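Biologist: I am new to this structure and would like a close look at a single part of it. Please take one place where two chains meet and describe what lies there.

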Amino acid sequence: MAEILMSEAERTFILHGIQDNVRSDGRGCEDYRPIELETEVVSNANGSARVRLANSDVLVGVKGELGKPSLDTPEHGRLEFFVDCSANATPDFEGRGGEDLALEISSMLARAYDCPSCLDTQALGIIKREQCWVLYVDILILECGGNLFDAVAIAVKAALGNTKLPVITVRKDENDETELEISDDPYDCERIKILNAPCIVTLSKVGNQHIVDASLQEESCCLSRLMVAVTENGTITASKTSGSGSLNPESIIDMLESGKRAGTLLNKTLHAKLLEEEVKVGTKKKTMGFLT
Amino acid sequence: MPTEECIRIPGERICRTDKGLVAGRGTYECNGQIYSSVAGMQLKSDKDGKVHIEVQREMKQNVLPEIGMIVTAKVTNVNPRQCKCAIISVETTSLSDPFRGVIRSEDVRSTERDKVEMYKCFKPGDVILARVLSLGDAQSYILTTAENELGVVIALSESGATMVPISWNEMQCPATYAKEYRKVAKVQSDHITQNG
Amino acid sequence: MPVDNRRLWTPEETIPPEFITKYRPTTELVNQNGKRRDGREANQHRPTYLKAGAISQAKGSAYIEMADTKVIAAVYGPREVMKREDFTMSGQVKCVFKFATFSCKTRQKHIEDDREKELSMTILEALKPAIRLDKFPKARLEIFITVLQDGGSALAAAITCGSVAVADAGMEMYDVVIGCSLRQIGERSLIDPTTDEESHRSLSQSDEKSNETSQAMMTVALMPSINQVSSIIQKGELSIDGAKQALKQCLDTARKLHPVIKQCLNKAVEAKLKR
Amino acid sequence: MDIKLASSRVLRDSLEPVGPLHLVSPGDVITSESGFMRGHGTFMEEGGGNLKASVAGMVDRVNKLISVKPLKTRYNGEVGDVIIGRIVEVQQRRWKVDTYSRLNSILMLSSVNLPGGELRRKTEEDERMMRDYLSEGDIISAEVQNVFSDGSLSLHTRSLKYGKLGQGTLVQVSPSLVKRRKTHFHNLPCGASLILGNNGYIWICPTINEDTDQTGGFVQNLEPVAGGDREVIARLRNCITALANHGIVLFDTVILYAYEASQKYSVKELLQSDIMKEIASLSRQRMEQEL
């Protein structure tokens, strides 16, 4: 992650503030910064979303293509996550600089979504062993202002919710060869159910406390963090520690609890907003994109 | 008291820090307890009236240059401001991979430090004894030879013979009798045993 | 098109024959008596053999064998960091984790893939808190771990093996690190799963197709003496209580492995004393 | 949890401009009349008599001198400016300081007060201890001593009010938003101290006691800051961000107005963009009434 320089006294100030539950910007330990969300921002993608969490800016595009199912799940479609830590975000990402972070994010997402109850990949299968939908979820990091994982997961969920795949019907022609037929009505499309899709909550351990949605400054004070992928009903679909420090078993349990709390709330709020956005999209809203 | 002469592994608790016990090499202290930090033999030694608990590995220790240690180095590059060298051994142990060191002109000797001419002190290929002054910057350790016992110990003359020191700043070639300038170390017996 | 001409040419896409055959073992993962296919209880770890000093030329090395899982690790350095941009004042650790090409059911590529890269990062995160980085400023320690045979729980084995190799190299550490894995299938939690148990979606073959049963996999790295968890990696569905329970079981099993490590390192030190 | 939809955002959420502005973008002709002097941010077209802008910003005319003040800019130092900077590198006898200038600024070992006497010769011991005085990441307040020909600045901290800063929060705004004034150090009545660096770095910290705390920063107080002070600092931080986001020039009075206007909200509510806008417009209205 982009390293920032900080003095010892600044770190102390942040650390004590977190202990007092008054963070540098006045938030409590379990408060998120304001999030801004927009779906359907890229017209060439099947689904897209852009999320801005304070200074972190993420753009996600979902493209559906036809491919061969993987060997061990012949009847299922699959999701492929790819993260591009663009050098737009910070010059440190230039060249191979952002590769490790990108891999960490994409594999965390892959793990979080690799769970039959949160996303029905069987619905993405078309012909057993032959054809299935492969959803390429491409994530572009435009700006890093801390807490990238959470921002990315929100954007991915919103983009998947926004994804429209054309309806495909399988037919056999007279020579008994299978033939795929794609509906030419643009409104005849399938949606992906995302009600059970997870959001990632990153809990950063600073001193004896843990916080959600750490800013860049807070991230640099934190030695270890736990990322938890939580669905709306509180199920954990993936978790992972990261950072150079270690954690007490008891504090891990506390962090899991906070993660579940924050995650369920985050999912609920997100669903409500996505619904609102859906209505607006239906009535031809104007795209805001990058205008401010 | 902790049992003596037993094998410890990293993270193993040895004893409490009270009773004048101090965490020595190969151990660390946490919450008033001494823990072992290497796999090895536990030893006790008395230093300044305190009992140091140490855990020692029989195999050669992981040595790295530390501040204050005497190192043996080979000169690789000399320029008017500084002399670059490769640290090849630390105290008594030789290193498997060399570390880069640098001697700045003001650290060559303790007198007339501003008049030091680097080319009259070191030449590439010389083997020197030096003390680690600081860990330095990204590039290299900062070394000093500003002590009588520190400086060039082995140097080859232009004809390729090992030169003999004749004064604190000159060495002579036994084959051609040519004199060359060096910052010569007054090698002491304990250093000879140390550096083999 | 860039081609890799270092190796013999093979067809671009090959599949192991197991995927075509219809045959599947019919026994269930856990039988009526609660015993697993290899006769273990659900919470029983496989017998573990651990040896420090398997590669003589490395600074430190270790070999671990947990029935069919075999992992070897070597540690080199610490040596000076040559690149200026990589420089930091505290010590650095590099970790490379690799599945040998023949170690798994499907053949692995000889170039490090994304899964191996991520596992390398996870192992590094698990081992780093235990190593005293302040003891080797400006230098870098290198840990290489190779899975010779993957019989399940390779990550956990690699963590334990790596930490023993670091200790064998005589590096100063706060504690050793022990890895332990758990597989959750429905209500059952199986400690130290084998590859079969890792890949199956349900306990019995009959309902293999159904997606109803929840399943998860968790690997935990513990520093037993100071009771700190250096890494957790989990995927699959778990309720919050399930996660807590799984964590606790992993930690309990890891603690049981501590004497094995102690004995192994003791032996290694004794062997060095004799020489 | 606060998620907003982009479509519900009010487009261009900045305030209405105060008066008519002469805005230009690079290449725009400012004037084709002769007899004007070209200042910063302008250039004379080759051959022609047109004076053109080289940066995007506001045209500033003082008698015959025309310059363009860029809205977003790096800091252009002037001798005597109070700045806040962050140490980025310790070199031989000097520190490199990030001051949001085009080039890193320099703080010479000979231009600082070291512990044990205001003015003394710097020994070699001092040279070796440089990292103990100021190390990478430390924040200092300083004054610009000199501007070199390449635009880089040399700083000094040879007064007890300058030096290393302790606990507090740094806010970064555009340098053009900080007014040059007589004093940049403020002990605000609301219970916090504020240093408005000319380079756009603003430091908010618990109240500095002028008699006891001016040690040049070599004694660091790492005791926890009281919760009340902390809230004041956080509120000030959010107020300053709100004002800066809406392009309001910052000085102590306007910050205090914003602070007072913000009282009806909790500190964390001030992070929301609509409330930020409200605070900014209220403070500006009050400023205009004062004039």
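Modeller: In this predicted model, chain A places 30 residues in contact with 29 residues of chain C. On the side of chain A that touches chain C, the elements that give two or more residues are α2 (99-113), β14 (236-243) and α5 of chain A. Of these, β14(A) gives the most, with seven residues. By residue type, that side of chain A divides into 11 nonpolar, 12 polar and seven charged residues.

The strand β14(A) also pairs across the boundary between the chains. Its partner is strand β9 (residues 228-238) of chain C; four bridges join the two, and they run antiparallel. Within this pairing, A:Ala238 stands opposite C:Lys235 in β9(C).

The pairing belongs to an open sheet of eight strands, in the order β12(A)-β11(A)-β13(A)-β14(A)-β9(C)-β8(C)-β6(C)-β7(C), with antiparallel pairing. At the edges stand β12 (209-212) of chain A and β7 (188-191) of chain C; each has a single partner strand, so one side of each is left without a neighbour in the sheet. On average, neighbouring strands of this sheet are turned by 20° against each other, direction ignored.

Of the four pairs of chains in contact, chains A and D share the most contacts. That contact takes 35 residues from chain A and 36 residues from chain D. On the side of chain A that touches chain D, α1 (8-19), β1 (35-39) and α5 (249-282) of chain A each supply at least two residues, and α5(A) gives the most, with eight residues. Strands pair here too: β1(A) and strand β1 (residues 3-5) of chain D run in the parallel sense over three bridges, with A:Ile35 opposite D:Ile3 in β1(D).

No contact joins chain A and chain B, whose closest C-alpha atoms lie 14 Å apart. Chain C and chain D are likewise joined by no contact, and their closest C-alpha atoms lie 12 Å apart.

Methods: Residues are numbered from 1 along each chain as its sequence is written. Chains are lettered from A and ligands numbered from 1 in the order in which they are written. This is a predicted model: local features need pLDDT of at least 70, side-chain atom pairs count only at pLDDT 80 or more; totals for chains, interfaces and linings use all residues. Two residues are in contact if their C-beta atoms, placed from the backbone, lie within 7 Å. Two strands pair if DSSP finds at least two bridges between them. Ala, Val, Leu, Ile, Met, Phe, Trp, Tyr, Cys and Pro count as nonpolar, Asp, Glu, Lys and Arg as charged, and the others, Gly among them, as polar. Axes are lines fitted to C-alpha atoms, for helices over the stretch in contact, and angles run from 0 to 180 degrees between N-to-C directions.
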